[in-house]
Structures are given as C-alpha cells and as structure tokens.
Amino acid sequence: MFAFSLLVTCLELYLLWDKKAASYALFTFTTIGLFFFYSILQHVFELFASGKGPTVFSLLPSVLLFFLIRNATDSNEASIAVIVSALLRLIFIFLPNVEKVIDYAVFAITPLALYLYFSYNSFRENKLVGVLCFVCLTVLIMSVVQKLFIEKNKDVFPIYFFIIVGLFSAVIPVREEPINWTYVIEAGERFSENIAEKFDQVSYFFSDIFSTDSFSSGYSTLGKAGGKIASSKKTQLILRTAENPYFTFKDPVTNKNMIRRRTIYLAGGKLSDAEGLIRFAHFMRAHDADKQYVSLFARTARLSIEYGYLKTGDEIAPINSILLTNSRDKIISEKSMLPHKMGYTLNSTYLDIDYGSPYLIDLIKSPLKSAAENGESPASNGLYYDNAMTYDECQEYLSNILGIDLSKIISPKEYDKLISTGEDAASKALAPYLDTTGAGSRMQILAKDLTSDALDTYDKCRLIENYLRQYSYSTVADDKNAGVFDLSTTKGMSQMADSFLFETGRGYCVHFASSMTMLLRLSGIPARIVTGYRYVFPFEKEESYKVSSANAHAWPEAYIEGVGWIPFEPTTVYLTAGDRSWNKAPVEAQVTDYAPIYESVPHLPETIAGAPEPVVKRALNIAYVIIPVIASILLLLLILIFGSRAIDKFRYRHSTPGERLHMDVTKIKKSLRKLSAEGFIDRGLIYDYIPLAPSSIQDNLKKVFAIYYRLEYSPSDIAITPEESEFVKSVSEEVLRLSDRNS
Amino acid sequence: MKIQIHKKNLFIYVLCLTGFIVLASFYGGPVSFVPLYALMLVIPVSIAYVFVNYHFLSLFQEIEVHKVSKGENHIFRSFIENSGILPIHKMVLTTYNDRCDLYDIQNGAELSLDSMGKEELSSKISCKYAGAYNVGIEKVSFADPFKIFSVDINVPYSFRAIVRPRITDIAGKTLDLENLINSTGLKSTRQFEDIPGSDMRIYQQGDALSSINWKVSAKLSDLMVRLPDQMEKRHVTVLMYASNIPEIKWDTEFLKKRDYFLEFAVSAAYHFGSRNVPVEIIYPSGDIKHSIVDSYDTFLEFYNIVADGIFYSSEKVQKKLLKIIDEKRGSYGTGTWIILREDCDNPMDFCSIIG
C-alpha cells in the first residue's frame with residue numbers, strides 16, 4: 001500500500017511537469033503488479049535458498065521483461081513500469097529499518113497528496129487510482145496513528161483490520177460532489193414547519209378573540225407600500241388538482257424529453273372572467289384556429305383552492321378563471337363583506353394559457369401586422385366584436401376547441417349585452433389603466449426610448465419587460481420613502497416606479513410591477529397591477545399543494561386590443577412566460593411567423609492542412625512476453641536449486657572437520673523437522689530431535705549428537721577424528737534420504 | 001457480555017468524524033469521502049472483528065486433580081487457541097481473583113495470538129472457599145484498535161472446581177457436642193452394645209465364652225452364643241438447610257457463607273465420626289438425602305460428596321426441607337436436632353439446637 005501511494009503521488013508530481021503523459025492508470029497498475037510479482041518471486045526463491053540470493057534473483061526477470069516489452073511495443077510506458085517496479089522493490093529490500101521509514105514517510109506523503117489534490121486538482125486523472133491511493137494512505141495513517149499514539153510504538157494492531165476497513169471504503173462509491181444536506185435540512189424544515197403550524201393554528205384562532213386585524217400573512221399584508229418585507233412561510237392556500245403538476249416536452253435543441261413544473265398565477269379580488277373567455281373565443285375564431293392549434297397553447301383546467309392562514313374577503317383564483325364556485329353555488333362577488341375563514345374552499349375552472357408559446361405570440365402579433373400592411377395605425381386594429389359570433393355559434397366553437405359549456409358561464413342575455421359593447425364604452429372602461437399621474441419626465445423619456453423601435457404593442461411590452469429584468473431583486477428596498485407609497489393610487493405607483501427605476505435600482509415584485517405598469521401606460525398601453533400568488537408546482541404529484549405567504553406576488557398585466565389582458569413577469573428572479581413555455585409543437589412541422597433570434601449555424605472548421613496521419617500502434621503480444629519470462633523464472637529456479645546445492649557441496653568440501661560436523665548436524669535437524677508432524681517446537685535442545693527420527697537410526701543419532709556436544713562444550717584440543725567425521729556424514733546422508741523419501 | 005465505552009477516546013473519535021463530515025460537506029472526491037468512510041467503518045468493523053475473534057477462540061482450563069482442597073496449591077493450566085485467520089490483539093484475561101489465587105496469571109493479563117496461534121498458560125492455583133464453583137479465567141476482553149470501546153465476554157468454557165472444605169473444629173467449639181451424646185438413641189450398623197442381646201447364632205471360633213448361652217446350647221445340642229445388640233445412642237441429627245440461589249448469582253459473599261456452612265457441617269460430622277458416635281445428616285442433594293456418619297470411613301464418604309453435592313433440584317425440595325424443620329421445632333423428645341442455616345444475616349441464627 002505504501003508503494004502504491006508513493007508511486008501514485010510521485011506520478012502526480014511528474015504529471016505537473018509533463019502534462020502529456022498518457023496511460024496513467026495502466027502505468028500505475030502495471031508497476032504495482034510487477035512489484036507484487038517480484039515479491040512473490042522472492043518468496044518462491046526463498047523456499048530453495050536463503051540470504052540475499054533470492055532477492056537478487058527475483059529481480060533478474062525484470063531485465064528480460066524490459067527488453068521483451070521494449071521490442072514488443074512502441075509504448076515506452078510498459079518498459080518504464082518494469083524498471084520502476086524493480087527500483088521500488090530494491091528500495092524496499094535494501095532500505096534499513098524499512099518499517100520505521102514507512103511509518104514516518106506516510107506523514108510526509110499524505111500532506112503532499114492533499115496539497116496536490118487541492119492546489120493542482122491532481123488525482124483526478126483516473127478516479128479508481130485516486131480512490132485507491134487515498135484508501136492506501138488512510139489505511140496507513142490509521143495504522144501508524146494506532147501504533148504511535150495508542151500502542152506507544154509497542155505492539156501494533158493487526159494490519160488486517162485496517163485493510164478490511166480500507167477494502168470497504170474502496171467499495172463504497174465516492175461522490176465527486178460534497179454531501180448534499182438538502183434532505184436533512186428539508187426534514188428539519190418539515191419538523192419545524194409542523195411545530196410552527198401548531199403555533200399558527202393557535203395564534204390564528206386566538207386572533208379572532210383579541211383582534212380581528214392583527215393576523216399577518218403574505219397576501220393580506222404584502223408590502224404594497226414598498227417597504228422592507230419579511231415573508232413568512234405560513235400556508236395561506238391549499239391547492240388540489242387531479243392533473244399532473246408538471247408537463248413533458250421535447251427540447252428542440254437537445255431533442256431530449258424534458259420535464260418542467262407548472263406555474264400558476266392566482267389573482268386576488270377577481271371574479272370569473274367571462275368577458276375574457278368571449279374575447280379569447282373571438283380572437284381564436286378570427287384566426288380560424290381549430291382545436292388542434294388551440295391545444296398548443298391553451299387548455300381548460302380545474303383547481304380547488306382552500307384558504308389556510310389567510311384572512312381576507314377576496315376571492316383568490318387562477319387568472320383566466322371562467323367559472324368559480326364555492327361549496328354552495330356560483331360566486332358572484334369578487335370580495336366578501338366578511339373575511340373568509342380557514343377551510344373556505346373555491347372550485348375554479350380556468351383557461352390555462354401558455355403566454356410563452358410562439359404560436360400564441362404569432363396570433364397576437366399577426367392582426368397588427370396585417371393592419372400595418374393595410375396602412376392602418378398599429379394601435380387601431382379594430383374590435384373583433386364587429387364581426388361577433390352569435391351565442392350559439394360561440395357555444396359551439398368553445399365546446400369544439402376547449403370543451404367548454406358556455407351556458408354554465410354566461411347566459412345568452414349577458415352574452416348579447418357583452419358583445420354589443422361599443423368602442424367608446426370599451427375605451428372608457430380602459431381609461432383608468434392609462435392614467436399616468438405622477439409620472440416624471442425621466443420616466444416618460446425612458447418609456448419612449450425603450451419602445452421607439454417596437455413595431456407593435458406586444459413588442460413594446462416585451463421590451464419593457466426585458467429592460468426591467470436587468471434590475472436587481474431585493475426584499476430590502478433602499479428607499480428613504482419606503483413604506484409610504486400607496487399602490488392603490490396611480491401617484492403612489494409612479495413614485496415607487498420612479499424611485500426604483502432611477503434611484504434605488506433594486507426592489508421586489510411590487511417595484512417591478514409598478515414600474516412596468518407605469519412604463520406601459522406611458523407607452524400608451526393600458527396596464528394594471530394584479531396581486532395574488534405565484535406558485536410553482538413540485539415535480540411529484542401530491543394530494544394537495546401548499547401555497548405559503550412566501551409565494552405572494554404582484555405582477556403587471558397589459559391590455560392588447562383584440563386579445564385582452566396579458567400577464568408579464570418583469571421580476572428578475574422569476575421565469576418569464578417564454579422560459580416556462582409548454583414547448584408544444586404541432587405533429588406536422590408548422591412555421592410560425594414569430595421568429596425569435598436564432599443563432600446562425602457555425603461554419604465547420606476548415607480541415608487543417610498537413611495534419612499528421614493517425615499512427616496505428618502495435619499491440620503488445622502477451623504471449624511474446626510471458627513465455628520467455630516464465631522460462632527465465634524456471635531457469636532461475638533451477639540455477640538457484642542446483643547452484644545452492646553446488647555451493648553447499650563446495651563449502652562442505654573445503655571446510656574443517658569441525659565445520660563439517662556443524663553442517664551435518666544442521667542438515668540432520670532440518671531433515672528431521674521435515675520428517676516430523678506439525679507442531680515441533682525447537683527449545684534449543686538437540687536431543688528433542690531424536691524422537692522425531694525412526695527408531696532404527698535413533699542410536700546413531702545419539703552418537704552423532706554426543707560427538708557434537710563433545711566438540712561444542714569440551715576443551716578445544718579434543719578434535720573430531722576422521723572416522724567420526726565419516727560416521728556423522730553417513731548418518732546425515734541417511735537422514736536426508738529418509739526425509740526425501742518421506743516427502 | 002459487557003460493553004465499556006472509553007469517553008476520552010470516543011470524544012476524539014467523534015471529533016475526527018465531525019471534522020471529516022464538515023470536510024465532505026465542502027469538498028467531494030476521495031480526499032474527503034475515503035477517510036470519512038474509513039472512520040465511519042472503524043466501529044462496525046471493530047465489532048465484527050471482536051465477534052470473529054471470539055467465535056474462533058477456544059479456551060480450555062483444567063486443574064491437575066479432580067477435587068481440590070481449600071487453601072492448597074494445585075497446578076492450573078489453560079490452553080488458548082485462535083482457530084481463525086484474523087489475529088487476536090491484546091486480549092485481556094480476567095480471572096476469578098475473588099475466589100481463587102492464580103499466582104502466575106495476573107488478573108488483566110494481555111495476550112495476543114496470531115492467526116491459528118496457540119498459547120498455554122499454567123500457574124499454581126489456590127481456591128479460597130469450599131464448594132463447587134468456577135475458577136480460573138472468567139472473561140476475555142477485546143477492544144477496538146483506538147480503544148474507543150471494549151467488550152467483556154465470558155469464556156466459552158469455564159472450569160468448575162470442586163473444593164472440599166477444611167476439616168476443623170469450629171462445630172465442636174461452637175456447640176457443646178459432648179453433652180449431646182448419650183447411650184440411647186440411634187442404632188449403629190457398626191457399633192455394638194457391650195452387653196449381649198437376644199439374638200443368637202452358632203458358636204464360632206473366637207467368640208467369648210461368656211457369650212455362650214448354655215441353656216439353649218443344651219437344647220439344641222450345639223454351642224450357641226448371644227449376639228450383642230446394636231449400639232443405640234441418643235439420636236443426633238444435623239440438618240443442613242442450604243440456601244437456594246441460582247449459580248449465576250453466586251458472588252463472593254455467597255461463597256463465603258457456603259464455605260462456612262460446609263466447614264461447619266464437615267466439622268460436626270468429623271466430630272461424631274472420629275468418636276464413632278453415629279449422627280444422621282440430612283441435606284439437600286437434588287432431593288433430600290440422609291447420611292449416617294458413625295466412623296471415619298462414613299465421614300470420608302460424606303466429606304467427598306459434600307463439596308459439590310449441596311443443591312436443590314426444585315423449589316419443592318426446599319419447601320420439603322423447610323417443612324421438616326418446622327415439624328421438628330414443634331415436637332420434643334425425638335432426639336437432638338442441629339439445624340444449620342446457610343442463608344442467615346445474623347450469625348447467631350446460623351445454628352440452632354432442638355431437643
């Protein structure tokens with residue numbers, strides 16, 4: 001493990017110098033593999049010989065390997081790996097006090113690895129190598145810390161334990177991203193929300209007893225005055241719908257299936273908008289839009305809205321609601337005299353319109369274009385009611401395109417009254433939405449500058465919207481007059497817009513909404529602020545969806561003749577209609593007139609002249625390398641076995657009789673150990689060996705050992721006789737024969 | 001099994017773990033997650049390691065003799081083997097040092113064993129109390145590498161020593177036993193009255209001439225001798241009312257009481273046996289047993305079984321014994337009853353004499 005971590009860290013250092021080095025992982029694993037190979041080879045050789053011989057012999061195949069690999073492949077990395085592994089092995093063999101050196105070297109390598117990781121983004125070339133390197137370092141550090149600090153360098157806990165820990169750590173997938181605490185935070189939030197809800201319930205019910213107006217919530221006390229707001233997260237509305245909270249579409253750029261959450265705008269203090277529906281029907285009819293085409297940007301949806309911690313008499317329903325009922329009957333007033341209590345429920349059928357759809361935008365813009373082509377003023381494109389449908393026609397048409405039963409929404413009498421509204425009456429009705437009281441000259445100049453290049457009303461709206469979206473969003477409005485603006489008046493709106501646009505440059509939804517409203521009016525477009533909620537559904541379908549006071553919102557709506565009121569989203573932090581579009585497209589490709597700016601297709605890069613031809617590398621023939629290596633190992637084994645025997649014989653022949661006796665006794669002991677069953681413990685008593693021998697040679701062994709003892713412990717002048725020497729040799733050979741036969 | 005948590009090391013461990021959690025909350029990749037995983041795995045792997053070590057641990061204990069005597073030295077051997085592939089590191093041996101002295105194996109001695117390693121420990125042992133109880137090595141203790149916790153586990157095989165009580169004179173000193181003995185009462189199977197009785201048999205060589213009943217001999221034309229009656233002394237009964245505590249709850253206090261109880265009973269039995277005076281000993285040994293000690297041999301029989309022979313097979317037996325005591329307490333003149341109560345808080349209540 002130390003060799004691996006040392007190698008990888010050194011390689012990372014090398015990579016800082018030579019960034020072109022390739023096959024990093026292959027090189028690492030080859031080197032470590034060869035390192036193990038040499039170690040195993042050494043242990044095998046040690047079975048046949050002792051001393052430094054097996055160590056040197058175990059490294060000899062590396063020379064052969066080097067040349068074979070060099071000839072077999074063009075890659076230098078494999079041959080370098082052979083040399084590096086042999087060098088590593090040599091270091092580990094000949095380094096004095098290698099264990100102690102490793103203990104302290106780990107403390108040097110680890111900080112170096114950390115430094116490389118954090119400062120140079122190292123260890124990211126190959127994930128497996130990086131993980132294994134840190135697993136090795138962790139295992140070594142744990143082991144060394146245990147040894148030095150727990151055991152005080154006396155007795156080490158078995159390394160197997162740390163290896164097991166390391167193996168498990170290596171198997172568990174390592175995340176590239178930091179720990180995501182979102183789930184824990186969410187669980188904590190849910191817990192705290194539950195507690196807060198209990199308190200809210202208590203305070204809600206007590207608020208009736210002590211004061212009827214003291215309960216605060218996002219909608220009813222939304223800072224329309226433009227001061228600092230601190231939104232709470234009290235559940236003010238509970239929405240229920242059978243529909244999916246998201247829609248799917250095919251991304252036109254990536255051509256991948258995507259999922260997008262639905263966004264709903266709930267307006268407060270409004271009734272069902274039958275007029276809007278009739279206008280929409282006529283708008284569609286004027287363009288001969290059929291059911292299939294309408295479905296690209298409009299659909300009928302249903303939603304149930306239950307009031308939570310909210311005390312208002314306002315009816316709160318989705319924009320473009322066409323039918324509003326409570327538990328008893330149809331709602332006829334946009335505001336109740338008494339505030340609704342918790343649990344009050346509204347059922348809404350509404351037109352869900354994708355205002356970002358290019359097909360709808362195409363329709364919105366097209367009559368204006370045609371009017372322009374006819375030489376008419378862009379602003380006077382006429383009312384569609386000039387060519388109004390009869391009640392029955394409208395009913396049939398709405399039923400056809402949206403499946404709406406008109407009779408449930410409006411009676412024929414009311415319908416006739418509505419379509420008979422003249423242009424003057426309509427203009428009179430829109431007049432309050434063009435009021436620009438309090439708007440200063442700089443705001444007028446700004447409105448003019450922004451819309452001067454626009455071709456039509458819709459473009460003006462979009463230009464103003466896009467301009468405002470450059471402002472910063474902040475719930476802390478840096479305004480000295482914060483909190484004193486009265487948004488219910490045009491003057492208040494103008495003041496807020498002026499302050500926001502030219503002084504503070506930051507604000508929240510009311511600042512954006514009031515500014516856009518004023519700029520639209522200054523551009524001649526009827527506009528208003530709508531307050532309510534903006535809610536984005538979650539990705540997963542739930543039984544109910546909680547709309548908190550944090551979702552309270554204000555947004556502007558612009559009136560486009562012939563189309564009606566269209567909402568816009570100038571508040572920077574929220575997506576525009578285009579960004580949250582359904583992205584629906586007809587089955588057959590249909591070109592829309594509305595063409596957003598597309599980036600031109602980049603030209604293909606020119607073919608680089610003189611580029612080098614790709615090199616086909618020679619693959620490494622494994623058999624070409626392995627067979628000679630195995631053969632060399634076998635050869636080395638033979639050399640070791642016979643060489644060691646030859647050396648022993650040579651030494652024996654040129655030794656003194658006393659030395660020969662020592663050699664013979666050592667051989668006898670070794671052979672007897674082989675003969676014995678397992679578990680023989682050498683207590684240092686030579687006579688313990690006698691029971692291990694067959695009874696036939698035990699007497700001879702006793703004699704041999706007696707000679708040995710005599711020579712070992714007697715005065716040095718008593719030498720061994722040649723006969724005794726011969727006798728000892730013969731006994732030694734006999735024991736050796738027996739041992740060989742037995743094995 | 002007992003788990004001990006070492007607070008200081010646990011605190012350091014939690015601190016390190018928290019540090020790496022914080023690191024992993026800011027940086028991903030192996031540099032933060034690998035050490036975090038390793039730290040998180042230290043404790044579960046340690047627990048697994050301890051159980052693997054314990055599973056493969058074999059521990060055998062023996063004493064050279066079958067029954068030992070209280071206070072005498074004997075050779076104790078313990079053979080410990082690790083048959084697993086994972087080495088055992090610094091296993092702590094806890095001995096029953098409250099009830100026996102192991103001279104060469106210290107309580108809390110540490111022992112490491114390699115994979116497939118074996119170790120033989122031997123020592124002189126001296127048991128402190130009479131009775132039958134576990135001696136030698138009681139528990140082995142394993143710890144994790146960082147000494148965050150340690151687990152004490154009872155050894156797989158405990159050695160149960162049967163320790164005979166010492167033969168002393170404590171009963172003779174406590175009770176005035178001489179006064180309890182007279183010439184009437186229980187008949188001995190071995191001792192006979194000095195005066196010949198009514199039973200007769202044919203004369204055998206060696207019979208005293210004075211024992212020949214000449215009248216009967218004349219009638220039967222054979223020499224007939226009168227046999228002496230079996231000796232009758234006053235009926236002395238020792239009832240050993242042992243406490244009925246499950247072995248698992250035997251503590252030093254219990255062993256001390258049992259030691260005194262046995263020593264007292266043996267002392268009383270020896271007193272009677274050595275004087276060839278019969279005494280009946282009633283004691284629980286599964287069921288209620290009656291032994292008559294009237295000689296040295298019968299004393300030895302009792303002595304050999306008393307060390308490990310005192311126990312109840314059921315609560316019913318204990319109640320039966322208690323009933324005998326109650327019955328004897330209300331009646332007089334049926335002999336002398338010496339009742340020994342093992343479980344008594346007041347030493348004065350240990351022995352009571354009825355009759």
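This is a predicted model: local features need pLDDT of at least 70, side-chain atom pairs count only at pLDDT 80 or more; totals for chains, interfaces and linings use all residues.
Arg534(A) and Glu569(A) form a salt bridge, with 3.8 Å from N to O. At 3.8 Å, that falls within the 4 Å cut-off. The two residues come from distant parts of the chain: Arg534(A) is in strand β11, residues 527-536, while Glu569(A) sits in the loop between β14 (564-567) and α19 of chain A, 35 residues apart.

Over all chains, a search of the whole structure turns up 26 salt bridges.

Asp259(B) and Lys70(B) meet through their side chains at 2.6 Å, N to O, in a salt bridge. Asp259(B) belongs to helix α5 (residues 252-274) and Lys70(B) to the loop between β3 (67-69) and β4 of chain B, so this pair ties together parts that are 189 residues apart in sequence. Here, too, we have a buried pair: that goes for both Asp259(B) and Lys70(B).

The other pair is Arg77(B) with Glu62(B), a salt bridge whose closest N and O atoms are 3.1 Å apart. This one connects two strands, Arg77(B) being in β4 (residues 73-82) and Glu62(B) in β2 (residues 57-63), so parts 15 residues apart in sequence are tied together. Arg77(B) is partly exposed, at a relative accessible area of 33%, and Glu62(B) is partly exposed as well, at 38%.

While we're here, a few words on chain B as a whole. How many helices and strands does it have? The count is 7 helices and 19 strands. Of its 355 residues, 46% count as buried. If you take the contacts in chain B with a separation of 6 or more, residues 24 or more positions apart account for 70% of them. Chain B exposes about 18000 Å², and carbon and sulfur atoms supply 54% of that.

You'll find Ile338(B) in strand β18, residues 336-341. Why does Ile338(B) count as buried? Because its relative accessibility is 1%, and buried means under 20%. Its C-alpha atom is separated by 6.0 Å from that of Thr237(B), 101 residues apart along the chain.

Asp288(A) has a phi near 55°, a positive value in a residue other than glycine. Asp288(A) lies in the loop between α9 (274-286) and α10 (291-294), and is exposed at 64% relative accessible area. In chain B, Lys147(B) has a positive phi of about 50°. Its loop runs between β10 (137-143) and β11 (149-154), and Lys147(B) is partly exposed, at 31%.

Last stop: the surface of chain A. A positive patch there is formed by Arg645(A), Lys649(A), Arg653(A), Lys667(A), Lys670(A), Arg673(A) and Lys674(A). Helices α19 (622-653) and α20 (657-675) are the elements that give two or more residues to the patch. Which of the elements gives the most? That would be α20(A), with 4 residues. Lys670(A) is found in α20 and is exposed, with a relative accessible area of 55%.

Conventions: Residues are numbered from 1 along each chain as its sequence is written. Chains are lettered from A and ligands numbered from 1 in the order in which they are written. Side-chain values use heavy atoms; hydrogens and water are left out. Patches are made of residues with over 30% relative accessible area and no salt bridge: like charges are joined within 9 Å, nonpolar side chains (Val, Leu, Ile, Met, Phe, Trp, Tyr) within 5 Å. Accessible areas come from the Shrake-Rupley method with a 1.4 Å probe; for residues, only the protein chains shown count as cover. Lys and Arg count as positive and Asp and Glu as negative; His and the chain ends are not counted. The place of a charge is taken as NZ of Lys, CZ of Arg, CG of Asp or CD of Glu. Buried means under 20% relative accessible area, exposed over 50%, partly exposed in between (1.4 Å probe, protein chains only). Contact means heavy atoms within 4.5 Å.
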